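Me: Please pick one part of this model and take me through it up close. I'd like the neighbours and the geometry, not a tour of the whole thing.

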Amino acid sequence: KSSYKSQNKEFPKAGTSEYQSLQSQAVAYLVQREEYQQEADKLGITVTPAQIEKRIDQVAKEYFGGDQAELDKQLKAQGYTQATFREDITAQLVQEALFAKAAKAEPVTDADVKKYYEDNKSQYSVPESRDVRHILVKTKAEADDVVARLKNGEDFGKLAKELSQDPGSKDNGGELTVRKGETVPEFDKAAFSLKTHELSAPIKTQYGYHVLEPLSEVTKASVTPLKQVETQIRTQLEQQRKQEAIDTWSNKLHDDYAKKVTYGTGFEPPATSTDTTGS
């Protein structure tokens, strides 16, 4: 309700579908929080006052520059009391401790890293590229005029800033780096077939007419070696496995508790084909 008020929005009336949705979300959150607390009790996981104070200090520093008074002000605006805020912090710490235990997964091996690299080599491939400059105009007549002016010695960069309709390059004198296959076919073909500093004839594309000049030789395509990305891949796979382990544990926990939860009249979760209350 405080969130709605802070956004100057009217809180939905009881009985409406929006109200029912909010109620269901709140109930699901409270049920899940209690499931986590009971599981933590079984595992002997406890949260100390020192841990709570440390987390509150972190919140104050991260979001309010360490200003405790500003934190208190924001908590009040959101409808929190010190007690309810500490309850939420405690629940958060309990969840993190449970997830840390649940996130035990098979270690990522060198073979796993190599397989991922080979299976996803396109992610680490850099296509041919070339530095070019171009001027984009609407009509062929305008493009012919641009070619004539350039052949008469006018400055390409100045003409691009004056005439080009390409907002991404005109302020840079029409200069850009293009990668093979990433521009429209007509532009791509010219960019990689013209000689360096050879001025093109007008090139028609869906955007209009381009006058193009390559500024460098073509940089050959390359593949980033495994050695340069293996640490990144290993970290990614480790995080993925940990998340999968957490998801499996969380879903099993919800299923284990599903038959133990009873709801007051009117607070039962809505009937769906797939129960996602604990997700």
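Reply: Two strands count as paired if DSSP finds at least two bridges between them; the strands themselves (E, at least two residues) and the helices (H or I, at least four) are DSSP runs, numbered from the N terminus. Bear in mind that this is a predicted model, where local features need pLDDT of at least 70 and side-chain atom pairs count only at pLDDT 80 or more, while totals for chains, interfaces and linings use all residues. Residues are numbered from 1 along each chain as its sequence is written, and side-chain values use heavy atoms, with hydrogens and water left out.

So, the sheet: it's open, with four strands in the order S3-S2-S5-S4 and antiparallel pairing. S3 (175-179) and S4 (203-205) sit at the edges, each pairing on one side only. On average, neighbouring strands are turned by 50° against each other, direction ignored (axes are lines fitted to C-alpha atoms, for helices over the stretch in contact, and angles run from 0 to 180 degrees between N-to-C directions).

Now zoom in on S2. Five bridges join S2 to S3, antiparallel, and Val132 stands opposite Leu176 in S3. Helix H7 (residues 140-151) packs on the sheet, touching S2 and S5 (208-214), with its direction at about 25° to that of S5. Helix H8 (residues 156-163) lies across S2 and S5 too, at about 50° to S2.

Ser129 belongs to S2, which covers residues 129-137. Ser129 counts as buried because its relative accessibility is 14% (buried is under 20% relative accessible area, exposed over 50%, partly exposed in between, with a 1.4 Å probe and protein chains only). Beyond neighbours within four places in sequence, its contacts (heavy atoms within 4.5 Å) include Thr177, Phe192 and Glu217.
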